[in-house]
Amino acid sequence: MGLIYLFTGNGKGKTEAGIGMAVRARGQGNRVVFIQFMKGLPTGEIEPLKELGVEVYRFGTENFVDFKNPSKEDVELAHKGLEKARELAKEKPFLIVLDEINVAVAANLIDTEEVLDFLKTIPDETNVLLTGRYAKKELLDAADLVTEMKEIKHYFKKGVPAKEGIDY
Ligand code: ATP
Ligand code: MG
């Protein structure tokens with residue numbers, strides 16, 4: 001089995017670090033699949049990643065997911081995302097990034113067990129990165145590398161809105 005990486009925590013930089021991993025892996029000539037969960041609105045990394053030859057898939061609506069009462073569509077889309085990962089894993093890419101999958105699990109869109117089952121099936125050649133805050137203990141346990149981004153300060157707290165080109 002390849003290695004399992006996990007970036008979590010409440011500080012900024014989890015998705016950005018995932019983009020960095022994708023770029024580096026691609027730069028060494030590897031096949032990289034980048035799947036985003038719970039994201040429908042356009043973000044700055046998508047087109048540049050595609051231009052680098054990273055295979056990007058997005059599964060989400062333009063609306064925020066209601067954690068207490070996620071919609072059927074949210075649940076279906078998250079499952080489609082995991083299904084896409086399963087399907088592409090069979091082709092043994094070097095890296096599969098599952099961006100925000102930890103949040104999709106925390107929001108009850110996907111069961112922890114479903115992710116663990118997926119991780120058990122990944123080929124030797126394939127490494128997997130799980131990103132997102134609120135990572136479940138079972139996923140932390142399954143990972144070979146865990147990094148926690150910890151908020152020390154974020155301008156959001158003083159009312160500065162998300163910045164285009166930096167936050168999305
Ligand atoms: P980024 O996409 O910038 O790497 P992230 O993946 O670590 O951030 P998420 O939890 O996915 O963070 O949240 C995405 C958005 O929330 C980004 O716009 C990010 O700047 C912002 N954000 C991240 N951490 C915080 C925080 N502690 N307080 C408020 N907003 C945050
Ligand atoms: Mg993120």
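This is a predicted model: local features need pLDDT of at least 70, side-chain atom pairs count only at pLDDT 80 or more; totals for chains, interfaces and linings use all residues.
Q: In which segment does Glu 164 lie, relative to the strands of the chain?
A: Helices (H or I, at least four residues) and strands (E, at least two) are DSSP runs that are numbered from the N terminus. Residues are numbered from 1 along each chain as its sequence is written, and chains are lettered from A and ligands numbered from 1 in the order in which they are written. With that numbering, Glu 164 is placed in the segment after strand S6 (145–148).

Q: Is Glu 164 buried or exposed?
A: A residue is called buried under 20% relative accessible area, exposed over 50% and partly exposed in between, with a 1.4 Å probe and protein chains only. The relative accessibility of Glu 164 is 66%, so this residue counts as exposed.

Q: Is Gly 9 buried or exposed?
A: Gly 9 belongs to the loop between strand S1 (4–8) and helix H1 (14–27). Its C-alpha atom is 7.3 Å from that of Gly 132, although the two residues are 123 residues apart along the chain. The relative accessibility of Gly 9 is 10%, and therefore the residue counts as buried.

Q: Which residue has its side chain joined to that of Glu 100 by a polar contact?
A: Glu 100 is found in the loop between S4 and helix H4 (101–106), and its phi is near 70°, a positive value in a residue other than glycine. With a relative accessible area of 16%, Glu 100 is buried. A polar contact is a pair of N or O atoms within 3.5 Å, where within protein one must be able to donate a hydrogen and the other to accept it, and residues adjacent in sequence count only if both atoms are side-chain atoms. At 3.1 Å, such a contact joins the side chain of Glu 100 to that of Lys 39.

Q: What is the relative accessibility of Lys 92?
A: Lys 92 is found in the loop between helix H3 (72–89) and strand S4 (95–99). Its phi is near 55°, which is a positive value in a residue other than glycine. Lys 92 counts as partly exposed, because its relative accessibility is 45%.

Q: How many residues around ligand 1 are charged?
A: A residue is near a molecule if one of its heavy atoms lies within 4 Å of it, and there are 13 residues around ligand 1, with Asn 10, Lys 12, Lys 14, Glu 151 and Asp 167 coming nearest. Ala, Val, Leu, Ile, Met, Phe, Trp, Tyr, Cys and Pro count as nonpolar, Asp, Glu, Lys and Arg as charged, and the others, Gly among them, as polar. By these classes, the shell has one nonpolar residue and five polar ones, and the number of charged residues is seven.

Q: Which residue has a side-chain N or O atom 2.6 Å from a nitrogen atom of ligand 1?
A: An oxygen atom of ligand 1 is 2.9 Å from a polar backbone atom of Glu 16. An oxygen atom of the ligand is also 2.8 Å from an N or O atom in the side chain of Arg 133. For the nitrogen atom, the side chain that supplies the N or O atom at 2.6 Å belongs to Glu 151.

Notes: Side-chain values use heavy atoms; hydrogens and water are left out.
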